[in-house]
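This briefing concerns how the chains of one assembly meet. Please look at the sequence and structure before reading on.

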Amino acid sequence: MQLGTCYYPEHWPEAQWEDDARRMAELGLTYVRVGEFAWSRIEPEPGVFTWEWLDRALDVLHAQGLRVVMGTPTATPPKWLIDRHPDILAVDENNQPRRFGSRRHYCFSSTVYREETRRIVTAMAERYGQHPAVAVWQTDNEFGCHNTILSFSACARKRFQGWLEKRYGTVKALNEAWGNVFWSMEYRSFAEIDPPMQAVTETNPSHRLDFRRFSSDMVVEYNRIHLDILRRLSPGRDIHHNYMGCFTEFDHYPVGDDLDIATWDSYPLGFLDQSRYSPEVKRYYLRTGHPDFAGFHHDLYRRVGKGRMWVQEQQPGPVNWAGHNPAPKPGMVRLWTWEGFAHGAEAMNYFRWRQAPFAQEQMHAGLDLPNATPAPVQTEVRQVADEIARLQANGLPRTQQADVALVFDYHAQWVFEAQPQGRNFLYFDTVLEYYTALRELGVSVDIIAPQDSIKGYRAVVMVAQAHVPEALAGELTQEQTPVFIGPRSGSKTVSLCTPENLAPGPLQALLPLQVIQVESLPDGVVEPVLLEGDAAGSVVRWRERVVTELTPLLHFDNGDGALFRHGNAQYLAACVDGDTLRNLLQGFLGQADIDTTVLHKGLRLRRLGNWLFAFNYGQDKVQFAPQGQCLLGSEEILPADLAVWQMDSEA
Amino acid sequence: MQLGTCYYPEHWPEAQWEDDARRMAELGLTYVRVGEFAWSRIEPEPGVFTWEWLDRALDVLHAQGLRVVMGTPTATPPKWLIDRHPDILAVDENNQPRRFGSRRHYCFSSTVYREETRRIVTAMAERYGQHPAVAVWQTDNEFGCHNTILSFSACARKRFQGWLEKRYGTVKALNEAWGNVFWSMEYRSFAEIDPPMQAVTETNPSHRLDFRRFSSDMVVEYNRIHLDILRRLSPGRDIHHNYMGCFTEFDHYPVGDDLDIATWDSYPLGFLDQSRYSPEVKRYYLRTGHPDFAGFHHDLYRRVGKGRMWVQEQQPGPVNWAGHNPAPKPGMVRLWTWEGFAHGAEAMNYFRWRQAPFAQEQMHAGLDLPNATPAPVQTEVRQVADEIARLQANGLPRTQQADVALVFDYHAQWVFEAQPQGRNFLYFDTVLEYYTALRELGVSVDIIAPQDSIKGYRAVVMVAQAHVPEALAGELTQEQTPVFIGPRSGSKTVSLCTPENLAPGPLQALLPLQVIQVESLPDGVVEPVLLEGDAAGSVVRWRERVVTELTPLLHFDNGDGALFRHGNAQYLAACVDGDTLRNLLQGFLGQADIDTTVLHKGLRLRRLGNWLFAFNYGQDKVQFAPQGQCLLGSEEILPADLAVWQMDSEA
Amino acid sequence: MQLGTCYYPEHWPEAQWEDDARRMAELGLTYVRVGEFAWSRIEPEPGVFTWEWLDRALDVLHAQGLRVVMGTPTATPPKWLIDRHPDILAVDENNQPRRFGSRRHYCFSSTVYREETRRIVTAMAERYGQHPAVAVWQTDNEFGCHNTILSFSACARKRFQGWLEKRYGTVKALNEAWGNVFWSMEYRSFAEIDPPMQAVTETNPSHRLDFRRFSSDMVVEYNRIHLDILRRLSPGRDIHHNYMGCFTEFDHYPVGDDLDIATWDSYPLGFLDQSRYSPEVKRYYLRTGHPDFAGFHHDLYRRVGKGRMWVQEQQPGPVNWAGHNPAPKPGMVRLWTWEGFAHGAEAMNYFRWRQAPFAQEQMHAGLDLPNATPAPVQTEVRQVADEIARLQANGLPRTQQADVALVFDYHAQWVFEAQPQGRNFLYFDTVLEYYTALRELGVSVDIIAPQDSIKGYRAVVMVAQAHVPEALAGELTQEQTPVFIGPRSGSKTVSLCTPENLAPGPLQALLPLQVIQVESLPDGVVEPVLLEGDAAGSVVRWRERVVTELTPLLHFDNGDGALFRHGNAQYLAACVDGDTLRNLLQGFLGQADIDTTVLHKGLRLRRLGNWLFAFNYGQDKVQFAPQGQCLLGSEEILPADLAVWQMDSEA
C-alpha cells in the first residue's frame with residue numbers, strides 16, 4: 001500500500017525541484033512518475049540528446065528516497081520527427097491524416113515509427129536502465145486515448161493484409177469465414193482487402209471484427225518493442241502500462257500478459273459525467289462518482305495484471321476534460337484511495353503533483369496549486385498515509401480469489417459494436433449492470449477473461465458473451481460450477497457468424513435450449529416478467545424466444561419462457577431492469593450457497609484477505625456492523641467515509 | 001394473389017437446394033427471386049463466367065414448379081471491377097469516393113459502369129432470357145438505398161452540364177430561371193457549373209432542385225440500359241424493379257413508366273422505428289407497424305406500376321437494420337400479406353427464404369431459421385395460402401378506381417428539402433398525415449401524380465404541392481371536381497421561384513385568393529382555428545396570411561381567414577393537427593357526397609372490387625358489421641386480425 | 001433619425017425602378033443601399049465593366065432625393081474569378097476548400113484576393129466616389145457570415161507564421177508563452193507551426209487563441225484595403241460595415257476603429273429561434289423577439305462605432321434562414337425601429353425593399369411583396385416616419401453616457417471557446433444574462449471594451465472577463481468606481497495561462513482574494529446561496545472556492561464564501577440564476593446610488609438625452625408613469641407598443 005504522484009520537472013524551474021521532492025516525501029508519497037511526454041526536451045533536435053536536466057531531476061528525487069516510475073516518451077513524437085516522416089501519422093476513417101498539435105499522433109502500424117520507438121526507448125534505457133532511482137518503467141501513455149487505436153493508413157492496410165493471411169492461410173478460407181459471398185464481397189487475394197472504411201453502408205461485421213482484432217494486435221506488437229529493450233537494458237525493474245477507464249478499443253489481456261503490473265488512470269467524476277447513467281443518477285453521485293465505476297476497473301485490471309494492479313493516476317480534484325467538472329466531495333479522495341487498496345492496488349498515485357499553469361490541462365487539479373502551495377486535498381492524502389502506517393503495524397492482508405467470477409471480454413464488446421441489433425443494448429454497460437447487481441448484494445467479484453479457468457470459483461456469471469470458447473463451455477459442463485448466463489451469450493462464432501446449432505452455441509451442452517428469435521426494444525418499452533402469472537420483474541431493451549423442453553422458472557407476458565434452469569446453470573432470455581436483475585442474481589447466488597444482503601443505497605463492501613471494507617458513496621449516514629474488530633471508522637458510516645474491520649472468518 | 005420468397009442458392013450447400021425448393025412449393029409459394037448480388041459467383045474473374053451453379057439452381061426450382069424472378073447483379077460490382085475502374089465509385093458531397101465493402105458502390109453517371117452493366121446484363125440475358133423457369137426480371141436492387149442517388153463525381157459533373165444545356169438551351173436562360181443574378185452566381189457557360197457541393201452556405205435552391213432532377217434522370221437512363229437488353233433477349237417476361245418505403249430520392253413515376261410492374265420492399269416494423277412518429281405512437285404500434293405505412297406505399301406503387309404492383313420483399317420477422325428490431329405480433333405477417341392483396345398486389349414475396357448465418361444481414365429473420373428448420377412464421381404463410389385457395393374458388397376481385405385521389409409528387413419533396421422554410425413542415429410526412437386522415441374515415445384512396453388526369457375521381461386532395469402544373473389546375477377548373485387544397489400548394493414555379501401572381505399560383509383560377517405571407521412555427525406552438533369565434537381545431541407548424549374577398553369558413557385567432565371555399569374547391573391556409581384535419585376532410589368529403597365514418601383506433605378498411613377488407617392494427621377487439629357476406633373472419637375483429645366481406649354494392 | 005432600405009436594381013426590370021424610388025421617398029425613406037453582391041453584373045467578364053445600368057439606377061434614386069449607401073461587391077466574387085484563382089477559396093478545418101455556389105467563398109489571407117479586391121474597389125470608387133447620390137460606403141457585407149473568419153489555407157498558414165513571429169520575436173518566446181513543453185509541442189522555428197487543425201485531440205488552447213487573434217487581424221487588414229482606396233477616391237463620405245447579431249468570430253473594436261459608423265443587421269425573430277433560450281422563453285417572445293437581444297447589440301455596436309451606430313438591415317417580416325420563421329406581431333416593426341433610435345441609431349434601414357422571387361432568400365419578406373405591391377408592414381414604417389416628423393419639431397435628443405458600463409470582450413469569448421471547462425458556461429450568454437438583469441432593473445447600459453477607460457461611469461459590471469488588462473485593473477483601483485465582478489474574471493493571462501497569483505489575477509489589487517478551485521456543474525444541478533444560513537438565491541453551472549480574509553456577504557451550502565465585498569468592489573464566485581443575479585445587482589447598484597426598479601415582464605426602458613422610452617415586449621398591458629411629459633403613447637402601454645416621455649431631469 002504505497003502512495004505516489006506524477007511529476008513533470010521540465011514544467012518547473014529547476015530551483016523548485018528540491019522543495020517539491022521534499023514535500024512529496026513528507027506527504028508520505030513513495031512513487032513519482034516522470035518522463036512520459038518529454039521527448040522534445042530529451043531530443044530537441046534530431047539526434048541531439050539533452051539528458052542532463054533529467055539526470056539532475058532523478059538525483060533530486062532519489063535524494064529524498066522517492067522511487068521513480070520512468071515513462072517512455074513515445075506518446076508525443078516532436079514536430080521535427082513528424083515533418084520528416086509524415087507517414088507516422090495515423091489516418092482516420094475518412095482517410096484524413098491525424099495531424100500534429102496534441103498527442104498520440106502516431107499509427108501503431110507505422111514501420112518508421114516502430115523504428116523511431118526502438119531508437120528513443122533504447123537511448124532512454126541505456127541512460128537510465130540501471131539508475132538507482134528508477135524502480136519501474138511505464139511504456140508509452142494511455143494506449144488508444146483519443147480514439148487512436150484504429151488507423152486506416154497505408155501501413156495499416158499492408159499489415160492488415162499480412163495479419164489476415166496469417167490468420168486464414170488462404171483467401172478462400174477468409175471469404176468463407178466472413179461469408180463474403182453475401183453481396184459479392186469475395187476477394188481474389190489478400191492484396192485486394194482494404195480496411196473497412198468509407199463504404200456506402202455498413203461493411204461486413206466479420207471484416208470489422210477482424211480489423212479490430214488486427215488493430216489490437218498492433219498495440220501488442222508495439223508495446224513489445226518497448227519490452228524487448230527494457231528487459232535487456234533495465235533488468236529487475238517492473239514494467240507497466242497505464243490503461244484507462246471504460247476503454248475497450250484493444251484487448252488488454254494479451255498486453256497485460258507481457259507486462260508485470262497493470263495500472264490504470266482513475267477519474268471517477270470525469271467518467272461519471274461521460275457515462276450513460278441517467279441525469280438523476282449523475283446528480284446523486286455528482287461529487288462521489290458512481291460506486292461501481294472504480295471498483296469494476298480495479299477488479300478488471302487486477303485480472304489484466306495477473307494479480308498485480310496499481311492506480312497510476314488518481315483524480316485529486318476537478319479535472320478538465322469532461323463536459324462538466326465538479327470537485328470531489330471532501331473525503332472522497334481518501335475514500336477512492338482506500339477503495340483501490342481494498343481491491344488489491346499495490347500503489348495509488350495521484351495525477352498530478354502540481355496543477356499546470358499552461359496548455360491543455362491547466363484546469364486539471366493537482367496536489368499542489370499552480371503557485372506551488374498545497375491544495376486542500378493534501379490533508380486527505382496525509383490522512384491516508386497515516387492510516388496505512390497505523391494499520392500496517394499488524395501486517396496488511398492480500399487479495400484472495402473471490403467467490404464469484406464475472407466474465408469480461410473485449411471481443412464481445414467489438415461484436416456488439418460491429419453488429420448492435422439494438423441501439424440501447426451495449427456490452428460494456430450490460431456487464432457493468434451485472435457487476436452493480438452483484439455489488440449491491442455485498443459480494444466481492446473477480447473479473448475473468450473468457451479464456452480463463454473457472455477453477456476455485458463458487459459461481460460464475462456471464463452476460464452478452466457473444467462468442468463462448470469451447471474450453472469455457474466444456475469446463476462449465478465438467479465442473480458443474482453454478483453459472484448464470486445472460487442474454488445473447490453464445491450467439492456468435494469466433495468469426496461473428498451464427499453458430500450452426502444457433503445461440504447459445506456451445507452452452508447448449510449445459511442447457512438444452514435454442515434461441516430462435518431475438519427482439520430489441522426501444523427505451524420506454526417495459527414488459528413484465530412473470531412467475532406463474534404474477535409480476536416478477538421488468539424486461540427492457542431485449543428479449544429472446546427460446547425453444548426447449550425445460551420448464552421455465554419465469555415467463556414473458558405471452559407465456560414464452562424467460563428464465564431457465566438446468567442443473568447448476570441458469571439462462572436469462574432477456575435484459576431486465578436493475579431491481580429485477582438483483583433479485584434474480586440473489587436467487588442464483590442463494591442456490592450456490594453464497595451469502596448476500598441488499599446493501600443500503602451507495603454502500604459497497606470489499607473483502608481483502610480477512611479485512612472487510614465498507615465505503616459509503618451515498619448521501620445517507622449508514623449503520624453497518626459486521627462480525628469483526630473495527631480497524632478504521634465505526635459502525636456508523638458517514639457519507640464519503642469508510643470503515644474497515646478485521647473479520648473473524650477468512651472469507 | 002401469389003406468394004413467393006427470395007432465395008440465394010449461392011449461400012447454401014448445393015445438397016440443400018432440393019429440400020428448400022420442395023418445402024417452398026409445399027408452403028404454397030409460387031415466385032422465387034434469385035441472382036441479384038451474385039456477380040462475384042457469376043463472374044469470379046474478369047471475363048470468366050461460371051454459370052453452371054446457377055443453371056442447376058434454376059433447374060431445381062423449376063422442377064418444383066416455382067417461377068423465378070431473376071435479378072441482375074448490378075447492385076454489387078465485385079472488387080476486381082472496382083480496382084480496375086475506381087471511377088465507378090460514387091463521390092459524396094464532401095468529395096470523397098464511396099468505397100467498396102458493402103453494396104451500391106457505383107455512380108449512376110459513370111460511363112464505365114454503364115458499359116459494364118451492358119456487358120453483365122447481356123451475358124445474363126443471353127444465358128437465361130429464354131429459360132422456362134424465368135418468369136420475371138428484376139433490374140438491379142433498391143435503386144438509391146443507402147443514400148446513393150446523388151453522386152458528385154467527375155462523370156456526374158459532366159453529365160449534369162449536358163443535362164442543363166438540354167433543359168435550358170442557353171446559359172442565359174439558366175441564369176434567369178435560377179435567378180443567378182442574386183449573389184453574383186451567374187455563369188458564362190455550362191462548363192462553369194458544378195454540382196451543388198461544399199459551398200460556404202446553402203446553394204441556390206433552384207440549382208439543387210435541378211441537380212435532384214438530373215440525378216433522378218440518371219436512374220431512369222441507367223434502368224433503361226437493362227430494359228433495352230432484357231426486352232430484346234427475354235421477350236414476354238415482365239420486368240420490375242423493387243422500390244423502397246419512405247424513399248423519394250428519385251422520381252419513381254418515369255422509372256415505373258418504363259417497367260411492367262412496380263414492386264416494393266415492405267418492412268413495417270423497421271420503417272416505424274425509423275419514422276418521425278412520436279414515442280407514444282411508436283410504442284402503441286411497436287409490433288404491428290403504423291396502420292397507414294404499408295397501405296400508403298401499396299397505393300403509391302400501384303400508381304407507379306400503372307396498376308400492377310407487388311411486394312417483392314415482405315418482412316417475416318425481426319429485421320436487422322433499424323435502431324430497434326422487435327418481432328411482429330403473431331398474426332401480423334398474415335395481416336400484412338392480406339393487406340397487400342387488398343390494395344391490389346399481384347404477389348406478396350417474403351424476404352428471405354432462410355435467415356443467413358453470416359455477413360451484414362445475419363440478424364434479419366427469414367421463413368427458415370439459419371439451421372434450415374422452419375421459423376414459426378411459416379404457419380401464418382401457410383394459413384394465407386390456404387385462405388387464398390379457399391376464397392379464389394369463387395373468383396378474385398380486381399382493384400377499381402377509388403373515389404378519392406391524393407396527389408403525391410417527388411419534385412415537391414425536393415422543393416421542401418431545397419427550401420424548407422420551417423424545419424418541422426415536411427412534404428412526405430404531411431401527405432402521409434392527409435392519407436391517414438382519409439383512411440381513418442374509412443375511405444379507399446388512389447395516389448396520383450401531378451401530371452395525371454383526375455377524370456373519374458369524385459374528390460381530389462392535394463397538400464404542399466409546391467408546383468402545380470397548369471394542366472392539373474386547368475382540369476380542376478374545367479371539371480369542377482371537388483378538391484381540397486392544403487397549404488403551400490402552388491407556391492412555386494417549376495424552377496422553384498415565386499409565381500408572378502404569388503401562391504397558390506395557377507390555383508387562383510379555382511380560388512380567388514393570394515397568399516401574401518407565410519409563417520413557420522416551432523413544435524410546441526399550438527394556435528386555435530375558430531368557427532365564428534369558437535374553437536374548431538388546432539394550427540401547428542405553419543400558417544399563411546391570405547388576401548381574398550371570400551368569406552372564410554374558419555379563421556385564426558387574429559381574425560384572418562384560415563379555410564376558404566369557392567365552388568367545389570377548398571383551401572386550408574395552415575397545417576393543423578390530426579384530429580382537426582380529419583374533421584375538415586370529413587366535412588369536405590361530405591360536400592362531395594362521399595360516405596365517411598370515423599373508424600375505431602387502429603382499424604382500416606380497403607375496398608377491392610366488391611370485397612371489403614378490415615384490418616385491426618390496434619390493441620382493442622373491434623366490432624364491425626358492414627352490409628355483406630363475411631368471407632373471412634367475423635364481425636368481431638381481434639387485434640392483429642382481419643375480416644373480409646363480399647359487399648352487396650360495387651363501391 | 002432616418003429610415004432607409006436595401007435595394008437591388010439588378011434584380012428588377014429597369015421599367016420598375018422609377019416607381020420603386022418614388023414609393024420609397026413617399027414612404028419616408030432617406031437611405032438606399034445598393035451594389036453589394038453585384039460583381040457579376042458590374043464585371044461580367046474579366047476586365048469588362050458594365051457600369052451603365054448602375055449609373056442609371058443611381059440617377060433614378062438621386063432624382064427622388066434618396067441617399068445611396070454604396071456597397072463594395074467583394075462578398076461575392078464571380079465564378080470566372082474563382083476558376084482562374086482557386087486559391088481564393090477558404091479552406092475549412094477538415095482541409096477541404098469551401099467552393100463556389102453561395103457567397104463569402106474567399107479567404108481573408110488570400111494574396112490574390114486582396115489584389116482582386118483592390119482592383120474592383122478602385123474601379124468602383126473611381127466610378128462613383130464623387131457621385132452626388134453616394135453618401136455612404138459599405139465595405140463588403142457581413143464579414144464572417146456562414147463561419148468564414150477561420151481559414152486553414154496555405155496562405156493563412158504562411159501569414160499566421162509571420163503574425164506569430166511579429167508577436168513573439170523568437171520561437172522560444174512562443175514556446176514559453178504557450179507552454180509548449182507540455183506534450184512535447186515545442187517548435188524549432190516559426191516555419192514548423194501549422195494552424196490548429198485535424199489534431200488527435202484538442203490543440204493547445206493558447207495556439208487556438210492566437211489563431212483566432214490572427215484570423216481577426218486578417219479581417220482588420222482586409223477591411224483596410226477598402227478604406228485606403230475609398231478615403232482617397234471618395235473623400236467626405238462616411239464608411240461603415242454591417243456587422244451581425246450574436247457574432248464574435250472577429251474582434252469588432254479594431255475594425256470599428258477604422259470606420260466612421262458601425263451598422264448591424266437586426267433580425268429579432270431569427271435570432272430568437274437560433275438562440276439558446278428555453279422553449280418556454282422562445283414561445284413567449286415568439287413574434288416579438290427577446291426584449292434584450294436588439295438592445296444589447298445596439299449598445300454594443302454604438303461602442304464599436306465610437307458613438308455612431310445604424311441598423312443597416314432591420315427585419316420587416318418573416319425571414320428565411322432560421323429553423324422556424326414566424327411573422328412579427330403587428331406593431332413590432334415600429335417598436336424595433338423606435339428602439340433602435342432610443343439606443344442611438346442614426347438610421348434604421350429595412351432589409352429589403354422588395355421580397356425576391358428567386359434564389360436563396362426568396363422567403364425573406366421585404367417592404368414590398370414580390371409582385372411589387374406594398375406589404376402590410378409599410379403602414380408601420382409610415383407611422384414611424386410620421387411620428388419622427390412630429391417629434392423632431394422640438395429637436396431630437398442625443399445619446400449621453402450611461403451610468404452603468406458593462407464590459408464586453410471578444411477575446412474572452414475565444415478563451416471560453418478554446419477552454420470551456422463547463423459545457424454550459426458560455427461567455428456571450430453570460431454577459432447577455434448580466435445585461436438582462438440590469439435592463440430588468442430599468443437601467444440604461446453602455447457596453448465598453450476592456451481597453452476602455454471607465455471615467456464618467458458610476459458603476460462598472462464585468463463577468464467572465466478572462467483576461468483583465470492591467471490598465472483596467474489599475475483604473476478601477478485608482479478611481480474606486482463601484483464594480484461588480486462575476487466569476488472567472490481575471491483567471492487568465494493574455495496568453496491563456498493561469499496568472500502567477502491565480503485568479504482573479506490583477507483584480508487582487510481591488511479585492512484581496514484568490515480562487516483556488518473551480519467547479520462546473522451540469523444543467524439541473526441547483527445549489528443554494530445563503531445569507532447567514534437563509535436561502536438567498538440559486539447557484540447554477542459554476543462555483544469557485546475562494547481563499548480570503550474577507551467576510552463573505554453570501555456563502556455556499558458548505559459555508560464557503562460566495563459573494564465578497566472590499567471597498568466598492570464586489571466579487572461573485574459563482575454563476576447564479578436570473579432572479580438571483582437581478583437581486584444581487586440591485587443591491588450593488590443601490591450601494592452605487594443608482595436608482596433601480598424591477599420592471600414588469602417584457603417591459604424595457606431606455607434613456608436618450610432627456611427622453612425616456614418604454615417598450616412592451618410582453619403579453620400584458622402595462623401601466624407605467626414616469627415624471628415627465630408624454631410625447632408618444634400613454635401610461636398604459638399595450639403589448640407590442642411603446643411610449644416616450646420628455647423627462648424633467650437630465651438623467
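Between chain C and chain A of this predicted model, 24 residue pairs are in polar contact, both residues at pLDDT 80 or more. A polar contact is a pair of N or O atoms within 3.5 Å; within protein, one must be able to donate a hydrogen and the other to accept it, and residues adjacent in sequence count only if both atoms are side-chain atoms.

**Elements and residue classes**
- Strand S13 (513-520) and strand S15 (534-548) of chain C are the elements that give two or more residues to the side touching chain A; strands are DSSP runs (E, at least two residues), numbered from the N terminus.
- S13(C) gives the most to that side, with six residues.

**Salt bridges**
- Five salt bridges are counted between chain C and chain A, each being a side-chain nitrogen of Lys or Arg within 4 Å of a carboxyl oxygen of Asp or Glu.
- A salt bridge (2.7 Å, N to O) joins the side chains of A:Arg41 and C:Glu186.

**Extent of the contact**
- Chain C contributes 49 residues and chain A 52 residues to the contact, which means heavy atoms within 4.5 Å.

**Basis of the values**
- Residues are numbered from 1 along each chain as its sequence is written, and chains are lettered from A and ligands numbered from 1 in the order in which they are written.
- Local features need pLDDT of at least 70, side-chain atom pairs count only at pLDDT 80 or more, and totals for chains, interfaces and linings use all residues, while side-chain values use heavy atoms, leaving out hydrogens and water.

How values were computed:
Helix = DSSP H or I, 4+ residues; strand = E, 2+ residues; numbered from the N terminus.
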